Number of protein chains: 2
Amino acid sequence: MEPDRLGVYFVLPDIEVSEQIALALSALKGGARTIQLRTKGASTRTTVETATRLKTLCAQHEAVLIINDRLDIALASGADGVHLGQDDLPVDMARRLAGEDIIIGASVSSPAQASEAVRLGSDYVAVSPVFDTPTKSDTGPALGLDGTRAICESVSVPVVGIGGIKNKHVRSLVQAGITSIAVVSEIASANDPETATATLAKELRLSLVQIGLSN
Amino acid sequence: MEPDRLGVYFVLPDIEVSEQIALALSALKGGARTIQLRTKGASTRTTVETATRLKTLCAQHEAVLIINDRLDIALASGADGVHLGQDDLPVDMARRLAGEDIIIGASVSSPAQASEAVRLGSDYVAVSPVFDTPTKSDTGPALGLDGTRAICESVSVPVVGIGGIKNKHVRSLVQAGITSIAVVSEIASANDPETATATLAKELRLSLVQIGLSN
């Protein structure tokens with residue numbers, strides 16, 4: 001995968017479907033390159049329908065749709081990929097079931113987990129959490145810049161950073177090896193989600209250009 | 001599918017994994033021919049592990065393991081099939097993703113839903129709920145013997161009855177066209193789950209023999 005493909009990676013909050021679609025559209029207009037759908041609460045059928053709608057929007061904006069945890073929903077909706085936490089399907093099992101064409105990402109919190117995820121077939125890893133965040137309460141301690149850098153140095157696939165990341169952190173994270181910035185509230189809670197995305201996307205692109213990973 | 005293949009169909013309650021395994025084993029020893037695992041609450045990884053253990057037990061007893069809703073978990077664990085409610089994956093989508101070898105069942109509450117499920121690729125349908133039951137609160141009104149018979153007459157695949165079924169109902173349900181009896185509490189809450197299963201299994205077999213559907 002090209003290192004800058006995932007870009008600004010917007011993880012949708014668990015809200016009404018119509019609001020999810022509206023937020024995703026704002027983020028895509030602002031330049032998000034990845035949308036992730038989590039599936040807590042809603043039925044499988046409803047989630048597949050939501051994912052199918054998001055897939056259309058993402059395709060129109062040349063962005064990637066990733067489904068959290070649920071490989072069945074990813075496959076049923078034609079999503080581009082699935083994101084697996086340490087409590088989800090093992091990466092190698094997902095790869096065996098889904099084939100080579102699907103993008104598989106894995107949440108990791110150490111270089112050992114990162115290397116293992118790549119060995120098992122992950123196309124990218126997500127360092128989680130980079131900083132403390134109120135959005136997720138079930139994560140481990142924040143890894144910070146140093147922990148993030150150690151993970152980036154342990155793998156050769158793209159590394160997404162997630163957890164409490166704001167615009168001001170982007171440059172130093174990219175210098176640590178991060179190539180994609182995942183956020184929830186930084187976009188979802190912004191007064192103007194499209195502009196918030198555009199601001200992040202610009203900062204990310206300039207930071208990647210600076211280290212020669214984008215043009 | 002042979003009409004008597006699913007037999008006594010034990011739907012595991014949502015309890016601790018070790019208790020689920022123990023209950024499943026008792027039911028299998030008592031002659032259950034199908035075990036269904038529902039997946040509320042636990043993580044995907046834990047559920048795959050539970051399903052994989054159940055699959056081994058089922059295979060040892062020549063029984064069938066069915067996973068409720070989650071096709072990803074069914075595929076990852078090597079389960080024999082997946083059971084789909086009206087809010088789960090559409091049957092045709094599951095069939096397309098999983099291929100011809102997997103058993104697909106669908107919950108239905110009318111002849112129209114039953115015919116549609118079979119048209120889309122269901123190997124069996126489950127009439128739900130046959131009677132009122134405290135185990136599930138999200139189901140429609142009880143279909144009773146007449147409603148059950150109407151569904152059985154609308155399809156040529158095996159029909160499972162679920163919802164408040166006790167031993168005393170088995171004969172009349174088989175005469176209405178039911179070929180498999182699904183229960184939760186009738187086994188799970190019994191003082192002796194193995195004997196409770198054996199009692200149900202014997203009544204079901206005798207009832208099927210009486211109408212020439214088993215030997």
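Just after helix α9 of chain B, Gly212(B) takes a positive phi of about 80°. This value, like the others in this report, comes from a predicted model.

**Helix α9 of chain B**

The buried residues of α9(B) are Pro193(B), Ala196(B), Thr197(B), Leu200(B), Ala201(B), Glu203(B), Leu204(B), Ser207(B) and Leu208(B). Seen down the axis of α9(B), these buried residues fall within an arc of 165°, and therefore they line one face of the helix. What do the buried residues of α9(B) pack against? Their partners, in chain B, are β1, α1, α7 (170-176), β8 (180-183) and α8 (185-188).

**The barrel of chain A**

In chain A, 8 strands form a closed barrel with parallel pairing, in the order β1-β2-β3-β4-β5-β6-β7-β8. Neighbouring strands of this sheet are turned by 25° against each other on average, with direction ignored. In general, the strands of a sheet pair through backbone hydrogen bonds, either parallel or antiparallel. One parallel pair in chain A consists of strand β6 (residues 124-127) and strand β7 (residues 159-162), which are joined by 3 bridges, and Val125(A) stands opposite Val159(A) in β7(A).

Helix α5 of chain A (residues 111-120) packs on the sheet, where it touches β5 (103-108) and β6 of chain A, and the direction of α5(A) makes about 165° with that of β5(A). Helix α1 of chain A (residues 17-30), for its part, lies across β1 (8-11) and β2 (34-37) of chain A and runs at about 160° to β2(A).

**Single residues, buried and exposed**

The table gives the relative accessible area of several residues.

| Residue | Relative accessible area | State |
|---|---|---|
| Cys58(A) | 0% | buried |
| Cys58(B) | 0% | buried |
| Ala176(A) | 4% | buried |
| Arg95(B) | 10% | buried |
| Asp14(B) | 56% | exposed |

Ala176(A) lies in helix α7 (residues 170-176) of chain A. Leaving aside neighbours within four places in sequence, Ala176(A) is in contact with Leu145(A), Arg149(A) and Cys152(A); the C-alpha atoms of Ala176(A) and Leu145(A) are separated by 6.9 Å, although the two residues are 31 residues apart along the chain.

Is Arg95(B) buried or exposed? Arg95(B) counts as buried because its relative accessible area, 10%, is under the 20% limit. This arginine is found in helix α4 (residues 91-98) of chain B, and Arg95(B) touches Glu100(B), Ile102(B), Ile104(B), Leu120(B), Gly121(B) and Asp123(B), when residues up to four places away in sequence are not counted.

Asp14(B), by contrast, counts as exposed because its relative accessible area of 56% is over the 50% limit. Asp14(B) is found in the loop between β1 (8-11) and α1 (17-30) of chain B, and, not counting residues up to four places away in sequence, Asp14(B) touches Gln20(B) and Lys40(B). Between Asp14(B) and Arg96(B) there are 29 Å in space, C-alpha to C-alpha, and the two are 82 residues apart in sequence.

**Cysteines**

A disulfide is, in general, a covalent bond between the sulfur atoms of two cysteines. How many disulfides does the structure hold over all chains? The number is 0. Among the cysteines, Cys58(A) is buried at 0% relative accessibility, and Cys58(B) is likewise buried at 0%.

Note on methods
Residues are numbered from 1 along each chain as its sequence is written. Chains are lettered from A and ligands numbered from 1 in the order in which they are written. This is a predicted model: local features need pLDDT of at least 70, side-chain atom pairs count only at pLDDT 80 or more; totals for chains, interfaces and linings use all residues. Side-chain values use heavy atoms; hydrogens and water are left out. A disulfide is a pair of cysteine sulfur atoms within 2.5 Å. Buried means under 20% relative accessible area, exposed over 50%, partly exposed in between (1.4 Å probe, protein chains only). Two strands pair if DSSP finds at least two bridges between them. Helices (H or I, at least four residues) and strands (E, at least two) are DSSP runs, numbered from the N terminus. Axes are lines fitted to C-alpha atoms, for helices over the stretch in contact, and angles run from 0 to 180 degrees between N-to-C directions. Contact means heavy atoms within 4.5 Å. The arc is that of the directions from the helix axis to the C-beta atoms.
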